[in-house]
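Subject: Two-chain model, handed over with notes

Dear colleague,

Please find below the structure that I promised to pass on, followed by my notes on what was found in it. I would be grateful if you could read the notes with the model open beside them.

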Amino acid sequence: MIDQVARTAVLESPPPVADEPAPSRQAVPPRGRSRSASLAWLRREILLGQTPRDYLKSLVTPFNIVAALILCVGIPVTIVRFTQGLAATTNLTDATPWGLWIGFDVLCGVALAAGGFVMASAVHLFGLHDYKPLVRPAILTGFLGYFFVVIGLLFDLGRPWRLPYPLFISPGVTSVMFEVAWCVALYLTVQLLEFCPAAFEWLGWRSCRQWAVWMTVGLTVFGVLLSTLHQSALGGLFLMAPGKIHPLWYSPYIPVLFFASAVAAGISMVVFESMLSHRVFQEARHSRARMDRLTLGLGKAAAVVLMVYFGLKWLALAHGQQWRLLLTPYGYWWLLEVLGFILLPCLLNAYAVRNRRAGLVRFACVITVLGIVLNRLNISIITYHWNAAERYIPDWKEFAITIMIVTLGLLSFRSIVNRMPVLNDHPDFEPAH
Amino acid sequence: MSVSRRDFLRLAGAAGVANLAAAQAARASAAGPANPEWMGMLTDLTLCVGCRKCEWACRQANGLAGEEPIDAYDDPSVFANKRRTSGLSLTVVNRYGSDAAGEKPVHVKTQCMHCIEPACASACLVGAYRKSPQGPVIYDDSACIGCRYCLIACPFEMPAYTYDDPLTPVVRKCMMCVERIRDGASRPACAEMCPVEAITFGKRNALLTLARKKIAEHPDKYVDHIYGETEAGGTCWLYIAGKPFEELGFRTDVGTTPYPELTRGFLSSVPLIQTIWPALLMGAYAFTQRRETLARDSGASVAPPTENGSEKPESGRAVAVNRVAPSDDNPSLPSRSRPGRVQGRGSDQASQTRSESTPPEAES
């Protein structure tokens with residue numbers, strides 16, 4: 001792989017722009033394609049209109065080289081994980097049974113993928129149609145986020161091939177995790193269906209697409225319901241661990257805190273992701289001014305949600321009567337999270353919206369995202385077993401897998417966005433809904 | 001798009017079924033209240049001499065014995081560090097207090113406490129744990145997916161996982177030798193082995209009576225507490241000791257609430273959310289629809305003809321995109337092309353319309 005990368009790196013050149021006019025969509029009927037028509041379709045839609053050779057050349061970019069290096073490390077570690085076991089790849093112990101793969105890949109992954117249900121409900125249920133351009137990217141981010149959460153989970157589970165057991169074979173209905181399993185499985189399906197219009201537009205399947213669009217409102221309602229349940233249930237998992245999680249983070253309110261913070265994370269990720277998309281994919285349709293206006297709107301929403309979340313954090317603290325713990329090292333750490341990563345981005349957002357500074361909203365959203373990641377890691381890793389001498393530090397192989405999964409997520413997002421109508425509407429179709 | 005009554009009923013029907021299932025689940029409990037027939041164990045820590053023969057017996061009984069001879073268990077150096085149960089040791093003995101201080105050290109045997117309402121059983125999403133009719137909490141790996149939530153949930157941190165097994169990792173924990181005690185013929189291996197009879201096997205109720213009697217007869221020897229009587233809702237394994245339990249490595253902050261109660265409230269909110277959320281959300285949707293209809297009817301002449309009330313596009317190009325094709329029922333309209341697709345590429349090629357010489361950013 002390295003060889004190939006190195007060889008083609010020298011040959012890197014801008015691929016020639018295809019000069020023949022594109023065959024119109026109707027020219028390639030979806031059914032009964034001839035062989036050459038199929039090849040033409042493949043070339044146009046999979047190779048992005050380039051010859052295979054040019055396409056391979058266009059793959060040689062700094063980002064792809066880094067991604068290839070990450071995979072070169074990640075794939076062997078994957079093999080070690082599934083042939084040698086968890087002990088060979090992780091620093092997990094009986095005292096800390098959940099590490100980076102649960103703490104980051106699953107908990108943070110699910111929270112940061114909340115943008116899908118937030119944007120879909122804002123547009124499809126609450127009628128904020130201005131934000132429609134952000135729905136498809138958010139749903140795609142959500143779907144891929146959840147998909148790779150499941151991939152991360154497969155690494156962590158002792159016997160990943162038994163993943164369907166809790167759903168069909170041996171349901172343990174008293175478990176919060178049972179609820180998480182069902183909700184995540186259903187929500188993954190819902191997000192796939194929610195994304196179907198874009199995929200069917202890409203394939204040119206009109207009637208399927210009509211059918212998929214018809215389901216939008218129902219899917220959105222179901223998606224919000226499932227998200228409410230499992231975002232909070234992920235926090236609810238830790239209701240079983242009083243005394244293990246530091247009292248400042250343990251609270252009966254933890255499901256509500258998880259849900260509120262997931263909404264904040266979802267909104268912030270939409271801002272963050274649209275900022276990156278705008279730069280990387282250079283959308284022509286949505287001008288900078290329009291993106292700024294949408295960003296400011298999202299910043300306003302983020303400020304409100306963060307204020308609610310900030311209030312809930314203090315409510316949980318008051319409920320637990322843990323004031324005296326604020327003046328301990330863990331208390332300072334808690335204050336850093338709550339003041340530096342919840343209150344600060346909240347105020348920054350409010351200030352930025354008031355003064356119409358979209359750049360500042362983006363900055364605040366990055367802080368918010370970091371803050372939610374910090375919160376999830378605090379609960380699952382950093383303050384877990386806070387009073388035990390033995391501390392869990394992830395093995396480098398755990399980081400390698402996590403980084404590989406994130407990279408695979410980015411690569412999937414990019415290749416789908418490059419092919420399907422995600423950031424822009426498809427010209428052959430009326431904008432859905 | 002609007003939702004017909006039939007759609008609504010369909011949705012409501014599906015939600016109803018899901019709700020009843022969830023409500024049923026919230027009611028279901030891993031175990032009922034303490035059963036007077038349940039067996040238990042009483043460990044008298046004032047008697048234990050720390051010979052660790054119980055550890056040996058436990059390994060023998062569970063097929064975990066290695067090459068180590070029984071004499072190796074006499075080595076006192078293991079007491080230097082506090083150990084916890086592991087995949088190979090379902091019970092471990094730790095020493096508290098040292099000989100040097102002049103006082104007699106206390107040895108504490110730990111193993112699964114066999115809760116009356118076990119956290120592990122309520123946490124397990126495949127139902128791998130159950131309370132057996134004899135009292136022990138038993139684990140069956142045939143459905144275990146290896147999520148290790150039981151290790152998180154257990155208030156006493158007793159279950160252990162065989163992380164080094166790549167294909168068939170399991171949770172291991174004491175099962176009170178359920179096979180041996182099932183027919184009432186013999187005692188658990190550790191109780192049978194103990195040379196000083198520090199471990200008594202019997203019905204939990206009888207053991208509680210025995211423990212109370214011992215404490216009452218020797219108030220100078222015992223602290224007035226039976227660990228396990230109420231801890232985490234009560235356990236089948238009970239302890240009495242001559243020193244306060246917090247000095248002997250016992251968790252004294254577990255409270256008296258059975259651990260399944262910690263999530264029961266949350267789980268019972270699930271059917272509520274399932275019932276209320278769709279109605280609220282559909283209400284919001286209906287409200288939005290109505291508002292838009294009213295706005296369209298009253299302000300049709302004033303408002304610009306933007307689709308679905310969406311925002312007015314900025315550029316002339318985008319206007320063209322939006323204005324063309326008011327509906328989908330005329331798919332052959334030739335003008336439905338967007339500048340971004342003139343190169344015959346995917347929508348990614350929007351960049352090319354800006355400057356034809358820019359190489360595709362496609363896979364960069």
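Of the 433 residues of chain A, 61% count as buried, where buried means under 20% relative accessible area, exposed over 50% and partly exposed in between, with a 1.4 Å probe and protein chains only. For chain B, the buried share is 48% of 364 residues.

Before the details, a word on conventions. This is a predicted model, in which local features need pLDDT of at least 70 and side-chain atom pairs count only at pLDDT 80 or more, while totals for chains, interfaces and linings use all residues. Residues are numbered from 1 along each chain as its sequence is written, chains are lettered from A and ligands numbered from 1 in the order in which they are written, and side-chain values use heavy atoms, with hydrogens and water left out.

Overall make-up

Chain A has 17 helices and zero strands, whereas chain B has ten helices and nine strands; both kinds of element are DSSP runs numbered from the N terminus, helices being H or I with at least four residues and strands E with at least two. Among the contacts in chain A with a separation of 6 or more, 79% come from residues 24 or more positions apart, a contact being heavy atoms within 4.5 Å. In chain B, 58% of the contacts between residues at least 6 apart in sequence join residues at least 24 apart.

Two packed helices are described by the angle between their axes and the distance between the axes. The axes here are lines fitted to C-alpha atoms, for helices over the stretch in contact, and the angles run from 0 to 180 degrees between N-to-C directions.

Helix α12 (residues 216–236) and helix α13 (residues 254–280) of chain A have axes that come within 7 Å and cross at roughly 125 degrees. That angle makes α12(A) oblique to α13(A), given that under 35 degrees counts as roughly parallel, over 145 as roughly antiparallel, 65 to 115 as roughly perpendicular and the rest as oblique. The crossing of α12(A) past α13(A) is right-handed; a crossing is left-handed if the near helix is turned anticlockwise from the far one by less than a right angle, and right-handed if clockwise. On the α12(A) side the residues that meet α13(A) include Ser227(A), Thr228(A) and Gln231(A), and their partners in α13(A) include Phe258(A), Phe259(A) and Ala262(A). By class, this contact of α12(A) with α13(A) has six nonpolar, six polar and no charged residues, where Ala, Val, Leu, Ile, Met, Phe, Trp, Tyr, Cys and Pro count as nonpolar, Asp, Glu, Lys and Arg as charged, and the others, Gly among them, as polar.

The axes of helix α15 (residues 329–354) and helix α16 (residues 358–382) of chain A come within 9 Å and cross at roughly 155 degrees, and α15(A) and α16(A) are therefore roughly antiparallel to each other. Their crossing is left-handed, and the residues of the contact of α15(A) with α16(A) divide into 18 nonpolar, six polar and one charged.

Two buried residues of chain A

Ala233(A) is found in helix α12 of chain A and is buried, with a relative accessible area of 0%. Not counting residues up to four places away in sequence, Ala233(A) touches Val176(A), Glu179(A), Val180(A) and, in chain B, Phe266(B).

Thr96(A) lies in the loop between α5 (86–89) and α6 (100–112) of chain A and is buried at a relative accessible area of 8%. Leaving aside neighbours within four places in sequence, Thr96(A) is in contact with Tyr384(A), Tyr392(A) and Tyr163(B). The C-alpha atoms of Thr96(A) and His385(A) are separated by 7.6 Å, although the two residues are 289 apart along the chain.

Backbone and cysteines in chain B

Most residues other than glycine have a negative phi. Glu157(B), however, has a positive phi of about 55 degrees although it is not a glycine, and Glu157(B) sits in the loop between α4 (149–153) and β6 (160–161) of chain B. Ala232(B) likewise has a positive phi, near 50 degrees, and at 2% relative accessibility Ala232(B) counts as buried.

A search of the whole structure finds zero disulfides over all chains, a disulfide being a pair of cysteine sulfur atoms within 2.5 Å. Cys147(B) is in no disulfide, and the nearest cysteine sulfur, that of Cys150(B), is 6.3 Å away.
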